[in-house]
Amino acid sequence: MNRCLIPKGEYSMLFNDYIIENEKEILEYKKKNLKALFDFIPLIKKTKDFKNSPLVKEFPKLAYESKIMIDFDWSEWIEGSEIVDNIDFDYSTLDEISLCKLLTAVIQSESYIHNGLVDYFEDGIILDLLENLKHKIGS
């Protein structure tokens with residue numbers, strides 16, 4: 001499945017008070033704000049039907065509140081699209097900022113890809129990103 005993160009047509013970023021403007025700020029929030037987000041990991045592993053799961057609707061809000069969303073031009077991030085389109089990609093090779101950028105991009109792309117977030121959950125991408133972020137941060 002081709003899940004290009006780059007939206008077709010006019011691009012508009014979802015602005016939110018929770019989006020981190022300076023990428024390095026994310027490292028300041030490591031353990032304090034990410035616990036609730038990491039608590040989603042076992043819930044994701046137990047979920048069999050993401051189309052009808054409240055997790056899919058709750059996840060973006062929790063991601064914003066956890067302050068992992070990074071303000072960058074995700075719609076022009078070709079490398080991000082290539083990563084999520086590569087089913088064999090090893091997310092453990094990414095640093096914390098890149099993992100947060102990917103989470104930002106997949107959440108923001110929901111505005112342009114109908115049920116895109118469901119696909120990212122079903123394909124294990126959200127789980128991979130969260131598990132690798134947790135491992136990198138050491139929470």
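This is a predicted model: local features need pLDDT of at least 70, side-chain atom pairs count only at pLDDT 80 or more; totals for chains, interfaces and linings use all residues.
1. Leaving out residues up to four places away in sequence, Leu117 touches Val56, Pro60, Val106, Ile107, Glu110 and Ile126. Lys51 is 66 residues from Leu117 along the chain, and the two C-alpha atoms are 9.4 Å apart in space.

2. Now for the overall layout. The protein has 7 helices and 0 strands, so its elements read α-α-α-α-α-α-α from the N terminus on. It has 139 residues, and 49% of them count as buried. Among contacts with a separation of 6 or more, 81% join residues 24 or more positions apart. The accessible surface is about 7600 Å², and carbon and sulfur atoms account for 48% of that area.

3. In soluble globular proteins, nonpolar side chains tend to be buried together. Here the largest nonpolar core holds 42 residues, and the members that touch the most others are Ile44, Phe59, Tyr91 and Ile126. Two or more residues come from each of helix H1 (30–38), H2, H3, helix H4 (78–85), helix H5 (96–109), H6 and H7. H5 gives the most to this core, with 8 residues.

4. How many of its residues are buried? The count is 14 of 14, so H5 is mostly covered. Its 14 residues reach 20 Å from the first C-alpha to the last, close to the 20 Å expected at 1.5 Å a residue.

5. Helix H7 (residues 125–137) can be checked in the same way. Which residues of H7 are buried? They are Ile125, Ile126, Leu127, Leu129, Leu130, Asn132, Leu133 and Ile137.

6. On to the aromatic rings. A pair of rings is described by the distance of the centres and the angle of the planes. With centres within 6.5 Å as the cut-off, the model has 4 aromatic pairs. One of them is Phe50 with Phe121: the ring centres are 5.2 Å apart and the planes meet at 25 degrees, so this pair is stacked; the cut-off for stacking is under 30 degrees. The pair links distant parts of the chain, 71 residues apart, with Phe50 in the loop between helix H2 (40–46) and helix H3 (54–65) and Phe121 in helix H6 (residues 116–122). Phe50 is buried at 6% relative accessibility, and Phe121 is buried at 2%.

7. Another pair is Phe89 with Tyr91. Is it stacked or edge-to-face? The centres are 5.2 Å apart and the planes are at 70 degrees, so the pair is edge-to-face. Phe89 is partly exposed at 24% relative accessibility, whereas Tyr91 is buried at 5%. Ring pairs also link Phe40, Phe50, Phe59 and Phe121 into a cluster, and Phe59 is among the core residues that touch the most other members.

8. Setting aside its neighbours within four places in sequence, Tyr91 is in contact with Ile83, Val84, Leu99, Leu102, Ile125, Asp128, Leu129 and Asn132. Of these, Ile125, Leu129 and Asn132 are among the buried residues of H7. Tyr91 is also one of the residues with the most contacts to other members of the core.

9. Lys45 has its place in helix H2 and counts as exposed, at 53% relative accessibility. Which residues does Lys45 touch, not counting those up to four places away in sequence? The answer is Leu127 and Glu131. The C-alpha atoms of Lys45 and Leu127 are separated by 7.8 Å, although the two are 82 residues apart along the chain. Leu127 is one of the buried residues of H7. As for Lys101, its charged end sits over the ring of Trp77, 5.8 Å from the ring centre.

Conventions. Residues are numbered from 1 along each chain as its sequence is written. Side-chain values use heavy atoms; hydrogens and water are left out. Rings of Phe, Tyr and Trp (its six-membered ring) pair if their centres lie within 6.5 Å; planes under 30 degrees apart count as stacked, over 60 as edge-to-face and the rest as tilted. Helices (H or I, at least four residues) and strands (E, at least two) are DSSP runs, numbered from the N terminus. Buried means under 20% relative accessible area, exposed over 50%, partly exposed in between (1.4 Å probe, protein chains only). A charge sits over a ring if NZ of Lys or CZ of Arg is within 6 Å of the ring centre and within 35 degrees of the ring normal. Contact means heavy atoms within 4.5 Å. Accessible areas come from the Shrake-Rupley method with a 1.4 Å probe; for residues, only the protein chains shown count as cover. A nonpolar core is a set of buried Ala, Val, Leu, Ile, Met, Phe, Trp, Tyr and Cys residues joined through side-chain atoms within 4.5 Å. The expected span of a helix is 1.5 Å times one less than its number of residues.
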